[in-house]
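Welcome, and thanks for opening your viewer.

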Amino acid sequence: MRLLKYFLGVVVVLSAIWVWAARSDRYPDRYLLVADHVWSPGLIDADAVLVDNGEIVSVGRAAELDTDGAVPRLEFPGKTVLPGLVEPHTHPIASALLGAVVDVSGFNHQSRAEVMQSLTEAAGETALTPWLVAFGWDPVKIADIEPPTLAELDAISPDRPMLILTQMLHEAYANSAAQKAAGLPLSHGAVLRELDEVNAATSAIPPPAPEVVEMLLRQQYQAYARAGFTTIGITGAVGRHADPVGLLRKVGQDSSAPLRTYLYLTDEQAGDVGLHDPAQDRFAILGTKLWVDGSPFTGGAAIAMPYEDTHLVRERLGLAHDHSGPDLGDPESFADKIVELHAAGHQIALHVQGERAVDWGLNGFARAQELYPNPDLHHRLEHNALITQAQMTRAVDLSVSLGFFVDHITYYGHRLPELFGPDRAGRYMPAGAAQQAGAVVTLHGDHPATPLGPLLTLKTAVTRLGPDGAVLSPEQALSVEDALTAMTRNAAIQLGQGGRFGEIAPGQRADFTIFSGNPIETPPDQLDQLGVDRTIIDGQPADLRPLWLSRPGLMLRVAASVVF
Ligand SMILES: [Zn+2]
């Protein structure tokens with residue numbers, strides 16, 4: 001009897017601790033947010049925001065907004081409040097899954113020896129998964145990284161299948177066990193150069209249990225919020241899951257989701273999933289993502305003039321002399337595809353890097369608007385590495401927004417002249433010229449292509465600093481204000497949400513990102529040293545509690561799937 005009492009006592013105490021720990025911190029419905037500064041596009045001299053029921057009521061000086069001191073205050077001394085950052089182009093499921101594999105990236109490795117060391121260490125650890133998968137092998141960023149031989153990989157992992165994906169996900173290296181499991185002939189060493197072979201190898205990896213993918217995705221959502229984002233645009237629901245759209249809807253629609261989610265389907269998904277009203281809740285499907293060309297760092301950019309004739313291009317990337325990217329195929333059927341999606345009301349986001357790819361996109365958009373005029377449908381061009389001045393002018397005329405992947409400069413700026421020569425490197429990711437041309441300019445990180453880091457993106461957009469400390473075409477730099485506008489108001493406009501969030505203005509949703517200091521007064525080359533204190537969505541702090549507190553049911557199912 002005494003033992004039972006003792007046991008019940010322990011249960012009661014543990015339950016109380018769990019209930020206490022699991023409660024989410026809530027702000028009052030109506031409060032005054034007060035910091036050293038409040039920044040929003042065009043806003044002058046503010047230090048406070050009045051919030052009511054998830055909406056911004058007014059912004060200005062604290063003393064004027066709350067004259068009698070009756071409203072509860074949330075004070076952030078020394079900090080700066082900005083509109084919640086919006087990442088308009090990212091891939092959360094792929095980021096979540098690749099975040100869980102062995103990192104061999106050029107972001108964290110300086111040499112081939114360091115990469116091989118990481119692989120060897122990972123192979124020596126207790127195997128929790130049937131395959132050893134690594135991601136981030138980077139033939140452009142790491143100077144001495146010649147491809148691995150089959151003998152090297154078999155020595156590291158003789159029996160367990162091992163697959164190494166490159167940073168651009170275009171090629172892979174596999175040991176003998178992996179190639180056997182994928183049904184590939186062991187005739188060409190370790191490298192899998194054809195996309196078919198890479199796909200055969202990745203499809204042979206036993207799929208992770210759906211609850212594990214959901215757990216990793218929810219953790220990835222929290223990682224975006226910690227990095228400072230309150231909204232993401234998903235350009236193609238890609239990732240290994242039976243129903244990626246359904247999973248993103250489930251996680252994104254959740255009332256406790258720390259982010260708003262705006263989704264673009266892939267071509268294959270576009271037929272069977274309908275669009276839904278973008279103004280309703282935290283999740284909406286906006287349209288379709290299409291790829292016109294590939295990555296500049298694999299020879300995939302459809303450029304007007306060939307790649308340079310250099311060691312990097314010839315030996316490392318294995319490209320032929322006079323290579324100018326892929327043959328894009330038939331322009332008529334591509335334009336027909338755009339017209340069809342446009343007529344169905346889909347906003348289209350097009351992956352374009354080279355000038356030829358940009359032309360295809362603009363021609364398609366022009367044809368679509370001519371046949372089915374729809375001034376409310378603003379399409380998007382993504383990345384735009386080598387878009388020309390004339391193409392940017394045409395994009396503005398067609399009211400097409402331009403998203404730039406300036407982190408190519410952050411990580412690969414020093415290698416661009418070897419790929420494209422000094423002139424083209426000088427107009428690479430021309431955000432400054434696009435701003436001058438009057439385009440809606442946005443910035444993105446395209447994770448997992450680069451690590452999450454909006455403040456580094458901000459720094460590069462403003463400084464154009466490459467990894468070697470050299471500045472690439474300073475005339476293409478944005479002012480801090482313009483870069484922050486690109487990451488807030490413009491990105492919201494690009495997602496069709498202008499006026500709803502993206503600014504700190506009356507009537508907009510109360511989405512905020514709180515920086516540790518004032519970006520306007522920070523020396524540009526130190527912008528990435530600022531911290532993100534927290535994010536607020538619909539007036540409440542983003543829910544970043546550990547999943548075992550906020551989602552105990554999911555975590556039990558994960559545990560069961562691992563055990564049984
Ligand atoms: Zn992408």
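Begin by selecting D52, which is partly exposed with a relative accessible area of 26%. Here buried means under 20% relative accessible area, exposed over 50%, and partly exposed in between, with a 1.4 Å probe and protein chains only. Before going on, note that this is a predicted model, in which local features need pLDDT of at least 70 and side-chain atom pairs count only at pLDDT 80 or more, while totals for chains, interfaces and linings use all residues. Residues are numbered from 1 along each chain as its sequence is written, and side-chain values use heavy atoms, with hydrogens and water left out.

**Salt bridges**

The term stands for a side-chain nitrogen of Lys or Arg within 4 Å of a carboxyl oxygen of Asp or Glu. R30 sits in strand β1 (residues 30-38) and D52 in strand β2 (residues 46-52), so this pair links distant parts of the chain, 22 residues apart. Helices (H or I, at least four residues) and strands (E, at least two) are DSSP runs, numbered from the N terminus. R30 is partly exposed, at 37% relative accessibility.

Next, select R112 and E152, whose closest N and O atoms are 2.9 Å apart in a salt bridge. R112 belongs to helix α4 (residues 112-124) and E152 to helix α5 (residues 150-156), so the pair ties together parts 40 residues apart in sequence. Which of these is buried? R112 counts as buried, at 16% relative accessibility, whereas E152 is partly exposed at 26%.

How many salt bridges does a search of the whole structure find? The count is 29.

**Helix α18**

Select α18 (454-463). Of its 10 residues, 9 are buried, among them P454, L458 and K459. The side chain of K459 meets that of D528 in a salt bridge at 3.6 Å, N to O. D528 lies in the loop between β18 (512-515) and β19 (532-537), so the pair ties together parts that are 69 residues apart in sequence. After the helix comes R464, with a positive phi near 60°.

**The zinc ion**

Now click on the zinc ion, which is coordinated by H89 (NE2), H91 (NE2) and D446 (OD) at 2.1 to 2.2 Å. Donors are N, O and S atoms within 2.8 Å of the metal (3.2 Å for Na, K and Ca), and water is not among the atoms, so sites may look incomplete. H89 is in strand β5 (residues 85-90) and D446 in the loop between β17 (441-443) and α18, so the two tie together parts 357 residues apart in sequence. Both H89 and D446 are buried.

**Parallel strands**

Select strand β16 (residues 401-404): S401 and G403 point one way, L402 and F404 the other, and all are buried. Strand β15 (residues 380-383) pairs with β16 in the parallel sense over 4 bridges; two strands pair if DSSP finds at least two bridges between them. R380 stands opposite S401. On to β17, which runs parallel to β16 and is joined to it by 3 bridges, with G403 opposite T442.

**Last stop**

Finish at V11 in helix α1 (residues 2-22), which is partly exposed with a relative accessible area of 36%.
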